[in-house]
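Subject: Handover of a structure and the findings from it

Dear colleague,

Please find below the structure that I am handing over to you. My findings follow it, and I would ask you to read them with the model open.

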Amino acid sequence: MTKIAIIGYGQMGQLIEKLALENNCQVVTIIDPKLDSEISEESLANVDVCINFTVPDVVLTNIDKISQLKKNIVLGTTGWSDKKEIIRKIVLKNDIGLIYASNFSLGMNLFFSIIDNSTKLMNQVSEYDIWGLEMHHNKKIDSPSGTAKILSEIVIKNTQNKSHAQYDRLNRKIKQQELHFGSIRAGNIPGTHLIGFDSVADTIEIKHIARNREGLAIGALKAANWVKGKKGFYDFKKVFSEIINKG
Ligand SMILES: NC(=O)c1ccc[n+]([C@@H]2O[C@H](COP(=O)([O-])OP(=O)(O)OC[C@H]3O[C@@H](n4cnc5c(N)ncnc54)[C@H](OP(=O)(O)O)[C@@H]3O)[C@@H](O)[C@H]2O)c1
């Protein structure tokens, strides 16, 4: 059983608390301003791994404090990519383990693998062109989604005749080397990502639809079990197959 501290008791923190036990994690403490609790030697005593899903502004301060207390970290908060090098250095200097992801969902990480394999295969068939589409509810404040960017990177890495993604509106024909990736925002649409392959004869579509946030919380808890006792700076995507094989 991994002993965890939940840092940030918002939507994700609360879901992680709910699903912890059935995923082999025991919640030792919850740190959040609205609970009047803080990161300290006392509050993190007996903790193996801190799972951080706070607002982006406090990520760096939190990582610094937790690292100095020599506790490992699952970093779920997004919006810190400009501080990645600083955070990596803090982790290595304090000799702890940290695992991060912009998307901890098991299904989405399986989808990444499926798209990785399928684009390698389709790259051998010149008849098919590739495109992407992401759809979300009307409260989402950005587009394209971070996940759309990751999918584009995978497609471009594996497809000889695609060099970059085109997310914006076009006033001209799409160029062969551009991957056209569209965004739709409306109503309550759950996070949906789709990669399509199109030829004269037919279309193949591979789609992921998120039903709720549980997959994200379960992925973060599995990451906590995996990173317990490890040292280093890890990208969840890269160690994903090792994590799911561990169960
Ligand atoms: N990687 C992934 O798979 C994934 C999945 C979902 C969400 N996210 C990201 O995770 C973050 C949190 O998402 P959410 O939906 O759970 O947001 P949320 O509901 O706004 O929760 C954030 C929580 O962090 C708390 N907080 C603020 N400052 C803190 C501090 N110094 N120490 C501890 N807690 C603090 C907030 O408290 P107050 O309300 O009192 O300020 C709030 O309870 C966002 O960046 C989101 O983009 C990532």
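**The six-stranded sheet**

Six strands make up an open sheet with parallel pairing, and their order is β2-β1-β3-β4-β5-β11. Please keep in mind throughout that this is a predicted model.

From one strand to the next, the twist averages 20°.

Strand β5 (residues 97-100) runs parallel to β11 and is joined to it by four bridges. Glycine 97 has glycine 232 of β11 as its bridge partner.

Two helices may be examined together with this sheet. Helix α1 (residues 11-19) lies across β1 (2-7), β2 and β3 (49-52), and it runs at about 160° to β1. Helix α6 (residues 214-227) packs on the sheet and touches β1, β2, β3, β4 (72-75), β5 and β11. The direction of α6 makes about 155° with that of β4.

**The five-stranded sheet**

A further open sheet has five strands in the order β7-β8-β6-β9-β10, and its pairing is mixed. Its edge strands, β7 (164-166) and β10 (203-209), each pair on one side only. Here the twist averages 20° from one strand to the next.

Within this sheet, β6 (residues 129-136) and β8 (residues 178-185) run parallel and are joined by six bridges. Histidine 136 stands opposite arginine 185 in β8. Helix α4 packs on this sheet, where it touches β6, β9 (192-198) and β10, and its direction makes about 165° with that of β10.

**Helix α7 and its two contacts**

How do the directions of α4 and α7 relate, and why? The axes of α4 (residues 106-122) and α7 (residues 236-246) come within 10 Å and cross at roughly 105°. Angles of 65 to 115 degrees count as roughly perpendicular, and α4 and α7 are therefore roughly perpendicular to each other. Leu106, Asn109, Leu110 and Phe112 of α4 make the contact with Phe236, Lys237, Phe240 and Ile244 of α7. These residues divide into six nonpolar, one polar and one charged.

The axes of α6 and α7 also come within 10 Å, and they cross at roughly 80°. Helices α6 and α7 are therefore roughly perpendicular to each other. On the α6 side, the contact is made by Gly219, Lys222, Ala223, Asn225 and Trp226; on the α7 side, by Phe236, Val239, Glu242, Ile243 and Lys246. By class, this contact has five nonpolar, two polar and three charged residues.

**The surroundings of the ligand**

Which residues come nearest to the ligand? Of the 24 residues around it, these are Met12, Asp32, Lys34, Thr78 and Phe104.

- Threonine 78 has a polar side-chain atom 2.7 Å from an oxygen atom of the ligand.
- Glutamine 11 has a backbone N or O atom 2.9 Å from an oxygen atom of the ligand.
- Serine 102 has a backbone N or O atom 3.4 Å from a nitrogen atom of the ligand.

With kind regards

Technical notes
Residues are numbered from 1 along each chain as its sequence is written. This is a predicted model: local features need pLDDT of at least 70, side-chain atom pairs count only at pLDDT 80 or more; totals for chains, interfaces and linings use all residues. Side-chain values use heavy atoms; hydrogens and water are left out. Axes are lines fitted to C-alpha atoms, for helices over the stretch in contact, and angles run from 0 to 180 degrees between N-to-C directions. Angles under 35 degrees count as roughly parallel, over 145 as roughly antiparallel, 65 to 115 as roughly perpendicular and the rest as oblique. Contact means heavy atoms within 4.5 Å. Ala, Val, Leu, Ile, Met, Phe, Trp, Tyr, Cys and Pro count as nonpolar, Asp, Glu, Lys and Arg as charged, and the others, Gly among them, as polar. Two strands pair if DSSP finds at least two bridges between them. A residue is near a molecule or strand if one of its heavy atoms lies within 4 Å of it. A polar contact is a pair of N or O atoms within 3.5 Å; within protein, one must be able to donate a hydrogen and the other to accept it, and residues adjacent in sequence count only if both atoms are side-chain atoms.
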